[in-house]
Structures are given as C-alpha cells and as structure tokens.
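Please have the sequence and the model open as I speak.

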Amino acid sequence: MNKLIGLAKNAPGWPSVLKELGYSVDYIEPSFRNGDGKKVNPDILFSSNKLRHCLIVECKSHTIEEEQLIRYSTITKEGLTDKTKLKEPKMLTFDGCLAMNEDLNNLQKKLINEKLGWPLLFFSNNSISKENTFKNTHLEKIFKKPILTGNNPPTHYFPFSEKDDHAIIAMSIFQQIISTVIKDRIVEFDSELILSKSHPFWDSFDASKKGEYKVKVDVIIGEFQKKDLSEYLEKIKGHNTWRITKPLDKLAKECNRIVDDLSQQTRLPVAKK
C-alpha cells in the first residue's frame, strides 16, 4: 500500500510516475457494486482529472482467490461513477491491476489471465515490473519497461491495516496517544481522533471501512485499559470516548512502557515522543 500510494506522491527517493500523470488517491478500500450487483472492495482507487481515468488496485500476496477475480471482472464504469472524485465522472475510463511484492507461479498467472486479464505489477527490492497490458496508453507507456525504485520505499502513508497483528496496531495507537493526546493535553479522546492522526489518508478511507477501523482501535485500547491502564483510562458510559483519569505525565510513562514492550514483540523501531 505504501509503495503504491508513494507513486502518486512526491516521496523522497521514490518514483512519482502516477503523480506525473495527474493521479491522486480517491479512496482507500472503497466499497461499490460491480455489474452483477455484487460488492467489490479493492485496496486503492486512484483517479486523474488530467486523463479522466481511474485506476483500481488490489494488493495481493501469494493467495489468489478465483471468486474475487470473477467479481472484479464485472466492474463497470457505471459502478465507479458514484464513487470516484473525478470532476467529470460520466466521462471516465478505467483500468484495474493487481500489485504484489513477489512473482506468481504459472498456474496463478493463468488463473488471473483467464478470469480477469488485469495487468500485474511486481514490486521487487529495487524495481517495479509489469505483465499484461493497460488499456490506458499513458499507463502502459510508463510501466512498459521496469521502473527503478531504489530500496527505500515510503512507509508512513499507510502505517497499518485492520488485519495487521494487534501488537503492530497497538504500537501505532499508543505512539499516537503519546504524541497527540498527551502532548496537546487532551483529557478525552476517541478512536476517530487517533486514526485521523495515525493515517495520513484517513479522509480517503471508505465510510464502511472507517467503522471497522474504529471498532478495532476501541477493542485494542479496551484490552490494554483492562490489563495495564485501569487506573489511567476509563470508557465514558454510553459513548465511544475515553477519559484520562490520572495526571498526563503518569499516563505518558505507562504508554511509553507499553510501546517499548510492543517494540520488543514486533521488532519494529520505536520513535519516542
């Protein structure tokens, strides 16, 4: 996700080939209906007013689900018209592609070609390569040959997904509590505030996905409140809001300890505030 979003931004040391064609992020994990009336939920929807074009991207690991490919194969222009932020949505054309960090075996590629036929973007350690053809000639031209990327991709555009390990999400949450809630001396806060500060593209999240993320964050804060922070935080009855019940410096100390413990679990670097 970070590597893809970086292509539409001016990320230092990272190519901005989508930005150069006028693309920006419309939605993260948008939800809309395909031509059969079934819900589809790709990872990113980019659009370019310059080209009047949308680019749908699904990020894949080594698992390829045939049923999902079939659903994507019947996405229509009409299904995108109400979702895109293009100035003239009725004039749009669109492409879809699958993005992944590793190559696929021949059987997986055959399945994709038979059921979907979208281009495949492979992100290696230092380049982006493509198989199959984009319908949009501008996209086809920029991805026709491998794009050198270097080995320093952006990591901050999408810090975590709701499917990530609890420890990874929790570390981001408590780092944000330290840097926003405690620093700004806020005594009541909710998951919306934490997520809006954690995710730079929070405003681009689909509304249905925002709800899932907020539930996940509240569950995780609740787990740590019961285990470690019962003296420092309480849930306001009847609201999805948390109230700080001890001096902020004491809460900060506990949050830093939690972040340190989580860092040991995930082996990720910690940026203390």
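I begin with Phe205, which counts as buried because its relative accessibility is 3%, under the 20% limit for that class. Please bear in mind throughout that this is a predicted model.

Which ring does Phe205 meet edge-to-face? The partner is Tyr213: the two ring centres lie 5.0 Å apart and the planes stand at 90°, so the pair is classed as edge-to-face. Tyr213 is itself buried, with a relative accessible area of 1%.

Tyr213 also has a second aromatic partner. With Phe160 it forms a tilted pair, 6.4 Å from centre to centre and with 35° between the planes. Phe160 sits in the loop between strand 9 (147–148) and helix 7 (166–182), whereas Tyr213 belongs to helix 9, so this pair ties together parts that are 53 residues apart in sequence. Both Phe160 and Tyr213 are buried.

Phe158, Phe160, Trp202, Phe205 and Tyr213 are linked by ring pairs into a cluster. Across the whole structure, the search finds 9 aromatic pairs.

Helix 8, residues 191–198, packs with helix 9, residues 207–227, at an angle of about 110°, and their axes are 9 Å apart. The range for a roughly perpendicular arrangement is 65 to 115 degrees, and helix 8 and helix 9 are therefore described in that way. Which residues of helix 8 and helix 9 meet? From helix 8 come Ser191, Glu192 and Leu195; from helix 9 come Tyr213, Lys214, Val217 and Asp218. By class, this contact comprises 3 nonpolar, 1 polar and 3 charged residues.

To close, I would return to Tyr213, which takes part in the ring cluster and in the contact between helix 8 and helix 9. Thank you for your attention.

Conventions: Residues numbered from 1 in each chain as written. Predicted model: local features only at pLDDT ≥ 70, side-chain atom pairs only at ≥ 80, totals over all residues. Heavy atoms only, no water. Axes fitted to C-alpha atoms, helices over the stretch in contact; angles between N-to-C directions. Helix = DSSP H or I, 4+ residues; strand = E, 2+ residues; numbered from the N terminus. Parallel < 35°, antiparallel > 145°, perpendicular 65-115°, else oblique. Contact = heavy atoms within 4.5 Å. Nonpolar A, V, L, I, M, F, W, Y, C, P; charged D, E, K, R; others polar. Phe/Tyr/Trp six-rings, centres within 6.5 Å; stacked < 30°, edge-to-face > 60°. Buried < 20%, exposed > 50% of the residue type's maximum accessible area, 1.4 Å probe, protein only.
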